[in-house]
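Me: Hey, I've got a protein model open and I'm still new to this. Can you walk me through it?

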Amino acid sequence: MKRVAMVLAMLALWVAVFATGASAAGLEDFNDYMNEDGSYSYYFMQGMKVTLSEEWYQNTFVKADTASVTFYHRASYDRYAAEGMEDGGALFTVACSVNTSFEDLEEMTYIGFDEKEMLNYYAVKPTDYPAYAADAATKAEYDALWADVDAVIAGITLTN
């Protein structure tokens, strides 16, 4: 039942994102690289940077499109996918919008406004528990990442 609720919540997020009319230059155009201090950054050409610890970088991956990018716990995602469910293991989604229709989303954190792109950026955390809980090691790995999700979101910067 929780998986169904999570899928519905993610679907609602996607509808909210695409109903906002985000810019044609999308978040799917990005590079990832290692920084001098050993951390990793995803640099999105649209004008956003997300910096992660090595642990986060090694245990996550991203799915990006024009208006949003979702960071997933790799092991949870893979285990759910093996059971036929897509998109399990989400940690957070960053999206952009030309308006503020996202303000009422649960677990939303406003990141900022990019004056060059004329877009608002915000992050949304899942409202349901999306870790693969049937395996203790996978669940523990997700929980360790989840403990830092607010710090990762707080470190997102707009680069334009």
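Me: What does the aspartate 87 side chain meet?
Reply: The side chain of lysine 63, in a salt bridge of 2.9 Å, N to O. That term needs a Lys or Arg side-chain nitrogen within 4 Å of an Asp or Glu carboxyl oxygen. Lysine 63 sits in strand β4 (residues 60–64) and aspartate 87 in the loop between α3 (74–82) and β6 (90–97), so the pair ties together parts 24 residues apart in sequence. Helices (H or I, at least four residues) and strands (E, at least two) are DSSP runs, numbered from the N terminus.

Me: How many salt bridges are there?
Reply: Five. One of them joins lysine 139 and aspartate 143 (2.9 Å, N to O), which are both in helix α4, four residues apart.

Me: New topic: how far can I trust this?
Reply: It's a predicted model, so local features need pLDDT of at least 70 and side-chain atom pairs 80 or more, while totals for chains, interfaces and linings use all residues. Numbering starts from 1 along each chain as its sequence is written, and side-chain values use heavy atoms, without hydrogens or water. pLDDT is the predictor's confidence in each residue, from 0 to 100; the chain's mean is 86.
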